[in-house]
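Here is a short report on one protein model.

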Amino acid sequence: LKWDWNDASKLRFGKYQAKLLLIYDDGTRDIPIEGMVSFWVVPWRIIFGFIGILLLVFFLGRFSSRIRIFGKKEN
């Protein structure tokens with residue numbers, strides 16, 4: 001895995017809109033068509049990776065605390 005931090009500005013997150021203006025000729029005149037769509041861009045790999053690391057740290061912490069609790073011998 002290699003991170004190129006020069007491309008970090010290309011990382012996008014949020015709601016975006018795309019607008020279209022299409023003009024075509026039907027043989028007698030120009031016909032305009034307009035359209036708009038909105039969509040969300042979410043960097044899911046980064047989000048899932050971050051959640052995975054948090055879960056790993058959480059479960060390792062719980063596992064190590066159980067080893068400490070059950071590993072102690074009472075006198």
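Serine 38 touches Lys15, Tyr16 and Gln17, leaving aside residues up to four places away in sequence. The model is a predicted one. Serine 38 sits in strand S2. Glutamine 17 stands opposite serine 38. Lysine 19 lies 19 residues from serine 38 in sequence, and the C-alpha to C-alpha distance between the two is 8.7 Å. Is serine 38 buried, partly exposed or exposed? Its relative accessible area is 42%, so serine 38 counts as partly exposed.

**The hairpin**

Strand S1 covers residues 14-25 and strand S2 covers residues 30-41. The two strands pair in the antiparallel sense, over twelve bridges. Four residues separate S1 from S2 in this hairpin. The turn holds glycine 27, which has a positive phi of about 105°. In a regular strand, side chains alternate between the two faces of the sheet.

**Aromatic pairs**

How many aromatic pairs does a search of the whole structure find? The search gives three. One of them joins tyrosine 16 and phenylalanine 39, and this pair is stacked, with 6.2 Å centre to centre and 25° between the planes. Tyrosine 16 belongs to strand S1 and phenylalanine 39 to strand S2, so the pair ties together parts that are 23 residues apart in sequence. Tyrosine 16 is partly exposed, at 31% relative accessible area. Phenylalanine 39 is also partly exposed, at 37%.

Tryptophan 44 and phenylalanine 48 form an edge-to-face pair, because their planes meet at 65°, over the 60° cut-off, with the ring centres 6.4 Å apart. Both residues lie in helix H1. They are four residues apart, about one turn of the helix. Tryptophan 44 is exposed, and phenylalanine 48 is exposed too.

| Residue | Relative accessible area | Class |
|---|---|---|
| Tyrosine 16 | 31% | partly exposed |
| Isoleucine 47 | 32% | partly exposed |
| Phenylalanine 39 | 37% | partly exposed |
| Serine 38 | 42% | partly exposed |

**The nonpolar patch**

Which residues make the nonpolar surface patch? The patch is made by Phe13, Trp40, Val42, Trp44, Ile47, Phe48, Ile51, Leu55, Phe58 and Phe59. Its area is about 1,100 Å². Helix H1, residues 44-71, gives the most to the patch, with seven residues. Isoleucine 47 lies in this helix.

**The whole chain**

The protein chain has one helix and two strands. Read along the sequence, the pattern is β-β-α. What share of the 75 residues in the protein chain is buried? Buried residues make up 3%. The accessible surface of the chain comes to about 7,800 Å². Carbon and sulfur atoms account for 63% of that surface. Contacts between residues at least 6 apart in sequence were also examined, and 33% of these join residues at least 24 apart.

Conventions: Residues numbered from 1 in each chain as written. Predicted model: local features only at pLDDT ≥ 70, side-chain atom pairs only at ≥ 80, totals over all residues. Heavy atoms only, no water. Patch = residues over 30% accessible without salt bridge, like charges linked within 9 Å, V, L, I, M, F, W, Y side chains within 5 Å. Areas by Shrake-Rupley, 256 points an atom, 1.4 Å probe, with all protein chains shown as cover. Salt bridge = Lys/Arg side-chain N within 4 Å of Asp/Glu carboxyl O. Buried < 20%, exposed > 50% of the residue type's maximum accessible area, 1.4 Å probe, protein only. Contact = heavy atoms within 4.5 Å. Pairing = 2+ DSSP bridges. Phe/Tyr/Trp six-rings, centres within 6.5 Å; stacked < 30°, edge-to-face > 60°.
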